[in-house]
Amino acid sequence: MKFQYIFWDNDGVLVDTERYYLQASREALAQTGITLTDRQFATISLGEGRSLFDLAAGRGISEQTIHELREWRNERYAELIGEQDTTLMGAREVLEALHGRIKMAIVTSSQKDHFDIIHNRTEFLPFFDFCLTREDYTRSKPSAEPYLLALQKSEQLAQHTLVIEDSPRGLTAAKAAGLTCWVIPGHHTLERDFSEADRILSSIEEIPGLIL
């Protein structure tokens with residue numbers, strides 16, 4: 001087996017949460033008269049890894065108002081994901097197939113409180129050796145820092161580690177860390193450029209057959 005460790009992205013790969021993050025962000029920005037489009041979400045958040053509230057800053061909205069809107073969005077997002085089982089189709093079966101045969105971790109840009117809400121429902125966490133959330137590092141994806149920290153924590157060589165991502169910012173982060181990255185494009189990233197990916201998959205369910 002070439003790979004001895006898998007670093008999984010979370011949102012859009014294991015769980016279907018991006019739609020709710022978009023909804024909460026859209027509702028927050030609407031309070032300032034800004035209409036957030038799907039394309040803006042895909043470009044700013046999933047592509048470039050920037051804050052969606054840059055749109056508000058660009059309109060001259062004060063830092064205090066943006067702070068309040070961000071807090072409102074985070075609470076609204078927590079409410080939305082707390083009401084849903086966000087498990088993506090095939091994710092549990094894949095994790096069960098891999099568990100005990102290859103080590104795994106989650107490396108996500110999700111805040112820990114949101115992450116915990118999500119996985120209280122999925123009950124996925126026992127499959128993983130560790131999880132890194134937004135509070136564990138200084139610079140988020142597309143910076144290499146999250147994956148470099150994961151490599152350090154796993155004590156694994158980059159050439160034996162596989163990353164599973166769904167977004168351009170995640171792909172950029174993984175490649176900057178010197179890692180092999182397979183991408184499963186999602187609803188909001190189907191039209192994005194994944195030419196740097198080592199493999200593009202149509203489904204999470206392909207993974208066990210490719211690495212076991």
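What you see is an open sheet of six strands, with parallel pairing, in the order β3-β2-β1-β4-β5-β6; strands here are DSSP runs of E with at least two residues, helices are runs of H or I with at least four, both numbered from the N terminus, and two strands pair if DSSP finds at least two bridges between them. At the edges stand β3, residues 130–132, and β6, residues 199–200, and because each has a single partner strand, one side of each is left without a neighbour in the sheet.

Before going further, please keep in mind that this is a predicted model, in which local features need pLDDT of at least 70 and side-chain atom pairs count only at pLDDT 80 or more, while totals for chains, interfaces and linings use all residues. Residues are numbered from 1 along each chain as its sequence is written, and side-chain values use heavy atoms, with hydrogens and water left out.

Now the interior. A nonpolar core is a set of buried Ala, Val, Leu, Ile, Met, Phe, Trp, Tyr and Cys residues joined through side-chain atoms within 4.5 Å, where buried means under 20% relative accessible area, exposed over 50% and partly exposed in between, with a 1.4 Å probe and protein chains only. The largest such core has 31 residues, with W8 and L14 making the most contacts inside it, and α5 gives the most to this core, namely four residues. A second, separate core holds 21 residues, among them F7, F130, L171 and V183.

How many disulfides are there? The search of the whole structure finds zero, a disulfide being a pair of cysteine sulfur atoms within 2.5 Å. The sulfur of C131 lies 18 Å from the closest cysteine sulfur, that of C181, which is too far for a bond. C131 counts as partly exposed because its relative accessibility is 24%, whereas C181, at 0%, counts as buried.

Finally, the axes of α1 and α4 come within 8 Å and cross at roughly 145°.

Terms used
Axes are lines fitted to C-alpha atoms, for helices over the stretch in contact, and angles run from 0 to 180 degrees between N-to-C directions.
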